[in-house]
Structures are given as C-alpha cells and as structure tokens.
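Take a look at the protein below. We will walk through it piece by piece, from the whole chain down to single residues.

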Amino acid sequence: MAREAARRANERGAGADQGALAGSKSGRYLDAALAPARCAVVRAGDGGGQRIRTRTDAMNLHEYQARALFRAAGMPVPPGEVAATPEEAERIAAKLDGKVVVKAQVHAGGRGKAGGVKLAATPAEARDHASRILGMQIRGLTVRKVLVTPAEEIASEAYAGVLVDRASQRPVMIVSAAGGIDIEEVAHTRPEAIRRLYVDPRYGLLPHQAYWLADTLYSDERLITQATDILSKLYGVFVSSGASLAEINPLIVTPAGQVKAIDAKVTLDDNELFRKPELAKLRDVEAEPEAERRAREAALSYVKLDGNVGCCVNGAGLAMATMDLIKFYGGDPANFLDIGGSSNPDKVVAALEIITSDPHVKVILFNIFGGITRCDDVANGIVEATRRIRLERPMVIRLTGTNEQQAIEILEKAGFSAGRSMDAAVQKAVELAKAG
Ligand code: GDP
Ligand code: MN
C-alpha cells in the first residue's frame, strides 16, 4: 500500500503529460523511469501536478517560467508575455503583431483539451479568449494568468522529455515522434513509438547520444541537427535547475523547417531549492491547491489520496504502515500526512484543518507513536483543534509512547477516547468510514 499510495500520489503529481504512464500496463516499461518521484513520498512527501502535492519534493513551474529557463539555455522558444487581465492580453497581442496563442498558466497538463489554449487572429480575439480562459477551472485549479505568444505554424509535433529514474539512478531521456497528444496514450497504443536513453550522470548526455535520439524523431539531417542541439540543452536545463522533470510537448517543426519548443514543463526537486534561491522564488503560491499550501506553511508532509479515512500520523514510516493497515482492513486512506517529530500543538491543529478540508473524509484516525513527539502535546493539539474548528466527523485516536498516560487523561477529560492498539484503532476507523 505504501507503494501504491506513493505511486498514485506521483501519478497525480507528475502532470498529465507523463503521469499516467506509471499506472498503465502497457506503459510498464516506462515505470522504472517514473519510479523516482514515487519513492520520494517515503523520503519527504511527493508532489506536483493535479491537486495532489505536498510541502516537499516537487515544485511545478508554469509554462512561461519553464520557457524562460529553456530560452536562457539557448533553446528555440517563441517569445511571449503573461497577462492577468483580458486587456493586458490584448495589449501583448497587439505588440506581437499577428496571430497569437492564448494559453492558460496552471500546473496541469491537457490544457488544450480543456479549452485553455486558444488561437487568436486579432488582439480583440486574444482579449476575448483571455476573458474566457482567466478564471476557468482546469483539473480543479483556477487559471489566474495567461501566456500570450505568437502562433506558430505546425508541420509536425514530437515529444521530448527527461526525468529522474530512481531504479537505474540515472536521468532518462524520452523522445517520441508522436508528440502533441498525451504521451501516456502513445505508451498505451504504440509503445514502440517511444525511445528512451539512460544517461550516465558522470558524463552527461553525450553528443552522439543526443544525435541518436534526434535521429529517431526526424529523417531530414537539418532537423536532426537542430533537435540534437535542443535535446542537449534540455538535458542541460534539467541538470542545472535541479529538475525531476523537464519536458517539451510538442516539439514542433515549422513549415520553414525550424524545430521549436512551443510547450514547456519543468518540475523542480524541492530538495535542490535551498541552493537555487532564484528558482525557489518562482513558486506560485496562488496556483497551488489550498491544502498543499497550508501543509507547506505548517511544515507538514501531506499527500491527498482518494479514500475516506483521514490519517494524522507522526513519522513517514508509521504513516505508510498506517495506510497499509487501513487497506488490510478493507478501508481506503484519504491522505498521507506526517506531522513530523515535533511536539507542536499548532501542527496538530493545522493537520486537522487540512484533513477536514477534504470533503471525502468520513473519519479521522490519529496514530501517534510518542518518542520525541510527546503524546500529551498531540493530545493538547487535538483538544485545542476541536475548540477552534468544528470537526463534525468521528475521530479515532491511538497514542502510545512518551507521556501516553497523560495524553489519555487529557483526551478523556475533553470527552474523547483513545487507545493504545494500532490494530484496534485502524479497524474502528475503517468501520466508521464504512458506516458513515
Ligand atoms: P497542453 O495541452 O497543456 O499540453 O498545451 P500545449 O501548449 O501543448 O498546447 C496544446 C496544443 O495546442 C498543441 O499540441 C498544439 O496542437 C496546439 N498549439 C499550441 N500552440 C500552438 C501554436 O502556436 N500554433 C498552433 N497551430 N497550434 C498550437
Ligand atoms: Mn503540451
């Protein structure tokens, strides 16, 4: 279950362009390539993409930010500017002078299909598109900004990406001539259309390797030369920015024979950010799901899952074990949540607020193994939290370890019951979730 939870968290986190690959059977050969972020949940909480993200491990950039990184590395990326209002979009379109594309800037793939990418022939049309796209919901995320960029003529669309492969402990380059459309669909229907190359990080992507990949995309030597350069630079951005994913979908060829990146996706590894303050600044707090932001601010590791048993646990290992046991007794965890090793009642309050912000949660399960974390502090946090917020959902509390007796007394005085058995608590929680 730990793996399953982590895998699912990663699928959500990875974004539409590659996330579903991890779950697909026919895409299983790509699983290894997607393993890194999955394991990351165990390490520190994983994140990215659609709604399910956490405090640590992944920070998605907007397309316009990723484009800027690509551009700075010398990759051919069309110009463009970001607008927060239809009028601004109109002004940018007028400046660009010609057909433009208005593109929703949200941390989600598949914007095109969702109506978040629109071609406009005139500035007035760009304004109209912007007014429709701004405020739109794409995969539960509200669009607050649009990118206005010159429309390119497209002769063909390819895919190019690089991500960390934990299994081989290497970055893996992935390319496909079948680009533009969802790459996971290609993995399902035409796995042979995808080529991977594991890169030895000691040497980086060697010129002949970049050439080999480019050669699978194009047959025209002029295109291969351009693509070789782009792939080398893509790898360069991936390494220098400390990314877990850098992706171009689509990589286009124009009718004039120019290869260009017209979409850009970069996910940064949070653990790298401390030494890259200029990248850390790119975090768009507004664009993140509320629960995730709250979790990060409260220094909690949180991964939303699809079940209905809300979990509040101290320690990542115990959190995983708790989810396993919930599964074992026939339930489904609503989240992974590690309140960490501290003894801060405020954290418990924040954790409860975050858990209960998920409407699917039917029951809240506390599982605390007191060591450095003192059970009485957690108990005080629970009591304090129920003073501040109306829970309206049953709570099952299991506490054992440091100061457990005081904790149980505190809770009983406040009208709660708590036990020491993890099995009993999990069973009870699953029962209540089923009944509720
Ligand atoms: P995504 O759907 O979130 O991946 O957004 P993309 O930026 O990849 O855009 C989706 C699709 O819109 C692309 O695959 C293209 O087919 C189309 N598109 C995007 N930009 C342009 C452009 O400049 N010109 C043309 N003709 N089509 C574009
Ligand atoms: Mn795309």
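Two residues are in contact if their C-beta atoms, placed from the backbone, lie within 7 Å. Keep that cut-off in mind. It tells us what covers what.

Start with the whole. This is a predicted model. The protein has 15 helices and 19 strands. It counts 436 residues, and 54% of them are buried. Now take the contacts between residues at least 6 apart in sequence. Of these, 72% join residues at least 24 apart.

Next, find helix 3, which spans residues 63-72. Which of its residues are buried? They are Glu63, Gln65, Ala66, Arg67, Leu69 and Phe70. An α-helix has 3.6 residues a turn, so residues three or four places apart point the same way. Look at the buried ones in helix 3 with that in mind. What covers them? The cover includes strand 3 (100-104), strand 7 (146-150) and helix 8 (221-240). Strand 12 (259-261) and strand 13 (265-268) are also part of that cover. After helix 3 comes Gly74, and its phi is positive, near 90°.

Move on to strand 17, residues 363-370. Seven of its eight residues are buried, so strand 17 is largely enclosed by the rest of the structure. It has neighbours to pair with. Strand 15 (residues 309-313) runs parallel to strand 17, and five bridges join the two. Strand 18 (residues 395-401) also runs parallel to strand 17, joined to it by seven bridges. Pick out Asn367 to see both pairings. Asn367 is the bridge partner of Val313. In strand 18, the bridge partner of Asn367 is Arg398. How does the chain get from strand 17 to strand 18? Strand 17, helix 13 (residues 375-388) and strand 18 make a right-handed β-α-β unit.

Now turn to ligand 1. There are 16 residues around it. Which come nearest? Arg111, Gly112, Glu152, Gly180 and Asp263 do. Where do they come from? Strand 3 and strand 11 (243-253) each supply at least two residues of the shell. Domain 1 (12-61 + 155-285) and domain 2 (79-150) each give at least three residues.

Finally, look at the backbone itself. Most residues other than glycine have a negative phi, and most peptide bonds are trans. Some spots here depart from that. The peptide bond from Asn249 to Pro250 is cis, with omega near 15°. Pro250 lies in strand 11, which also supplies residues to the shell around ligand 1.

Asp97 is not a glycine, yet its phi is positive, about 60°. Find Asp97 in the loop between helix 4 (86-96) and strand 3. Is Asp97 buried or exposed? It has 9 other C-beta atoms within 10 Å. A residue with 12 or fewer counts as exposed, so Asp97 is exposed. Asn403 is not a glycine either, and it too has a positive phi of about 60°. It sits in the loop between strand 18 and helix 14 (404-413). Asn403 has 19 C-beta neighbours inside 10 Å, so it counts as partly exposed. The cut-off for buried is 20 or more.

Notes. Residues numbered from 1 in each chain as written. Chains lettered and ligands numbered in written order. Predicted model: local features only at pLDDT ≥ 70, side-chain atom pairs only at ≥ 80, totals over all residues. Helix = DSSP H or I, 4+ residues; strand = E, 2+ residues; numbered from the N terminus. Pairing = 2+ DSSP bridges. Right-handed = clockwise from strand over helix to strand, strands pointing away. Near = placed C-beta within 6 Å. Domains from an automatic or database assignment.
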